[in-house]
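User: I would like to learn how to read the features of a model such as this one, beginning with a helix and ending with the core. Please show me the structure and take me through them.

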Amino acid sequence: MAHQARKRFGQHFLHDNHVLENIVTAINPQAEDNMVEIGPGKGALTFPLAEHLNQLTVIELDRDLISQLEATGENLVIHNADALKFDFNSLADEPHSLRVAGNLPYNISTPLIFHLLEQVEIIKDMHFLLQKEVVNRLAATPGGKDFGRLSIMVQYFCKVEKLFTVSPGSFSPPPKVDSAVVRLTPWEELPAKAKNYSQFSRIVQQAFSQRRKTLRRSLKNLIDEKQFMDAGIGSGLRPEQISVADFVYLSNQS
C-alpha cells in the first residue's frame, strides 16, 4: 500500500528527477563524507546520495517510512527520531565535519535551523530544500523587506547561498508555494564576533519585534545614544537598514 503524505508531518515528497540530480550535484557528496539527511521520506534524495557515500545517516520521524528505508538502503544508519530534539553532536567527533541535507517540512524549517545553529561547531555545510519565502529571508541583505531576525541570526553563523528555485509540481502532493534550495556554510571564523551572544540575540530580537520603529525607540532599554555613537550607527535608522556586523558592534557596546 502506497504511503500517503501526512499533513501533521508537513510531508511533500519530491519526485522530480531533474531537481534531484541538481540537488545531488550541488551537494557533491564524496565517499568518506559524514552526512546526515533529515526527513528522508520515501528516499527520493536518500538513495541518489547513498550511491556516492560509504554510509549515510538519516533521521525520520514517521515510523511507517522506516521499514521502506530499511528494506532498500544497505548503507543507511536510520534514526527514528524528531530532528528538533536530536543531538547532532552525537554524529561527529571533529569540528566542521558533519554535512547536513534535507527536504525540510515547512512547518519546522525555521526552528530546526535554529536547533542546528546551536550545534554549528560540528557542521561543515547544510543543503536544504525549503519554502522559497524562507530562503529569500535567509539570503536577504540589509534594506529589503525580507531582511530580518532570521537573516541576521543565520548569517552571523553561516555564509548563505540561494541555489535554485523548485516549482510545486516537483512534489507530491504539490505545496501551494514555490520552494528553493539553499546552501549554508558555517564560517570557520566569525566575520564579526559578539562578546556576549545572548545579548546580541536579545538586541536583534527586540529590534525586529518592533521593526517599524527606529532603533532609538525599539532599543531604548538596551542601548543609549552614546553607545550608538560609539558603534558608529545612526539611532534613527530602522533595524532592516543595518548589517549583521552593525548589530554585533551595537551589542558589543552594551
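User: Which residue caps the N-terminal end of α7?

Analyst: In this predicted model, where local features need pLDDT of at least 70, side-chain atom pairs count only at pLDDT 80 or more and totals for chains, interfaces and linings use all residues, the cap is Asn 196, with a side-chain oxygen 3.1 Å from the backbone nitrogen of Ser 198. Residues are numbered from 1 along each chain as its sequence is written, and side-chain values use heavy atoms, with hydrogens and water left out. Helices (H or I, at least four residues) and strands (E, at least two) are DSSP runs, numbered from the N terminus.

User: How many residues does helix α7 have, and what should they span?

Analyst: The expected span is 1.5 Å times one less than the number of residues. Helix α7 has 13 residues (197-209) and should therefore span 18 Å, which agrees with the 18 Å between its end C-alpha atoms.

User: Which residues of α7 are buried, and what do they pack against?

Analyst: An α-helix has 3.6 residues a turn, so residues three or four places apart point the same way. Buried means under 20% relative accessible area, with exposed over 50% and partly exposed in between (1.4 Å probe, protein chains only). In α7 the buried residues are Gln 199, Phe 200, Ser 201, Ile 203, Val 204, Ala 207 and Phe 208, and they pack against α6 (149-157), α8 (215-218) and α10 (244-253), where contact means heavy atoms within 4.5 Å.

User: How should I read strand β3: which way do its residues point, and in what sense does it pair with β2?

Analyst: Two strands pair if DSSP finds at least two bridges between them. Leu 56, Val 58 and Glu 60 point one way from β3 and Thr 57 and Ile 59 the other way, all of them buried. Strand β2 (residues 34-38) pairs with β3 in the parallel sense over four bridges, with Val 36 opposite Thr 57. Strand β4 (residues 76-80) also pairs with β3 in the parallel sense, over five bridges, and there His 79 is the bridge partner of Ile 59.

User: Which residues touch the most other members of the largest nonpolar core?

Analyst: In soluble globular proteins, nonpolar side chains tend to be buried together. A nonpolar core is a set of buried Ala, Val, Leu, Ile, Met, Phe, Trp, Tyr and Cys residues joined through side-chain atoms within 4.5 Å. Among the 57 residues of the largest one, Phe 88, Phe 128 and Phe 247 touch the most other members, and α6 gives the most to this core, with six residues. Apart from it lies another core of 20 residues, including Met 35 and Val 58.

Note on methods. Polar contact = N/O pair within 3.5 Å; in protein donor to acceptor, adjacent residues only side chain to side chain.
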